[in-house]
Amino acid sequence: MAPLPLGHPEMDASLDTIRHQIVQLLPRLRRFAVALTGSMADGDDLVQDTVERALKNLHAWEPGSRLDSWMFRIAKNRFIDTRRSWKRGKTVAIEAVEEPAWDGEGAMQAHLAFQDTAKALQTLPVEQRQAVALVLVDGLSYREAADILEIPIGTLTSRISRAREALMATLEG
Amino acid sequence: MDREILNKFVDGQLPPQEMARIAALLETQPDMKDYVAKQEKLSASLRFEAVMQAPPPSRLVEAVHKTPVSWRWRLFAGRRGFGLPWLLPAGTALLVGLVLGITMRPAGDLALSHGEMLARGALAQALDTRLASAGYDGEGPRIGISFRDRDGSACRTFASGHQAGLACHRSGDWVVTTLVTQASESGGAYRMAGSQMPETVRRAVEVSIQGQAFDAETEARARANGWTGK
């Protein structure tokens, strides 16, 4: 079968669907990225990088397989590849959150809790932080998280356990 | 009790019966109950609800809409027969339209079983035992590259006579997922070294490979493990 010509309506419709699905994933990707980088601004840079990578390599995604897992995997890899540049999160956590969620009753408290948690995550080794970002933050199953991180499920389980102990110590201490 | 088990309980990762057993146990063990309560609170504090509810910044939405997709996606999208792959589970699309021709030659090297084409005889033996890294001695089927596909199966390209293809190791058998028969002008076998792999086989590899092709060490290890596992 010959390739469809560029701009073919059917192809454009499918591409629109994929782009729409990615827009739907943005909040989850942002949350994952902020958990990894510790900063909203760095997190958003990571998400932008991830989105651009994903679309430029869209042929590597198999239609029918999970788009979210695939994009989380790209984000994870990009974070590892470029993490020397994610420095801001170490000094200033969540400096630029402008969303209405911070307004009103208890906003300051919520903001502080947010900063505490984001900072506590930064104290974890990267491997544990990735596991936590997928399981505790995003709520994926151990199996899904292990697949994304490309590690055995037993490794994932022990990383989660160690991270839970460490986070508890940090946040209680 | 093992903390790992309790953590799995908090994360809802135990089988239903085990979840129920631990839930009942907690009622008699205040220490454990306290631990679980604290871990549950920790999970709740990590949801970043504010980020989930905030509209994403326009630069991200713009990146989604404006970043051009790869030309290779457009190529494959057309070749896969548009619309169809969306209805099929992962991996099935691969099997559609890639099996171009089947001739059972040499006899005994291929068998059909439950709708799948399986490697037998010299082909199966070559897939099981030969290492591409060891070089080709000019006899029998030649093995090309080996890799793991998206389902985690070990897969290997091969060439034998006028045929070339891709076989993946599933449930102890080599399932031939792609087979191309083509008479070469010289009458010789395909040379499977890299770029000379038939286009159809190369495509099949491209759409199914997970990560990189095996290097010599990974190939040897995979053979030692009987082509199973990770």
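The exercises below work through a predicted model, with a solution after each task.

Residues are numbered from 1 along each chain as its sequence is written, while chains are lettered from A in the order in which they are written. Local features of this predicted model need pLDDT of at least 70, side-chain atom pairs count only at pLDDT 80 or more, totals for chains use all residues, and side-chain values use heavy atoms, with hydrogens and water left out.

**Exercise 1.** Find how many helices and strands chain A has, and what share of its residues is buried.

Solution. Helices (H or I, at least four residues) and strands (E, at least two) are DSSP runs, numbered from the N terminus. Under this rule chain A has eight helices and zero strands. For the second part, buried means under 20% relative accessible area, exposed over 50%, and partly exposed in between (1.4 Å probe, protein chains only). Of the 173 residues of chain A, 56% count as buried.

**Exercise 2.** Classify the ring pair A:Phe32 and A:Phe72, and then the ring pair B:Trp174 and B:Trp227.

Solution. Rings of Phe, Tyr and Trp (its six-membered ring) pair if their centres lie within 6.5 Å; planes under 30 degrees apart count as stacked, over 60 as edge-to-face and the rest as tilted. The search of the whole structure finds two aromatic pairs over all chains. In the pair A:Phe32 and A:Phe72, the ring centres are 4.8 Å apart and the planes stand at 70°, so this pair is edge-to-face. A:Phe32 belongs to helix 1 (residues 9-37) of chain A and A:Phe72 to helix 3 (residues 67-82) of chain A, so the pair ties together parts 40 residues apart in sequence. Both A:Phe32 and A:Phe72 are buried.
For B:Trp174 and B:Trp227, the centres are 5.6 Å apart with the planes at 65°, so this pair is edge-to-face. B:Trp174 counts as buried at 2% relative accessibility, and B:Trp227 counts as buried at 2% relative accessibility.

**Exercise 3.** Check whether the span of helix 8 (residues 153-172) of chain A agrees with what its number of residues should give.

Solution. The expected span of a helix is 1.5 Å times one less than its number of residues. Helix 8 of chain A has 20 residues and should therefore span 28 Å, and its end C-alpha atoms are 28 Å apart, which agrees. Among the buried residues of this helix are A:Leu156, A:Ile160 and A:Leu167.
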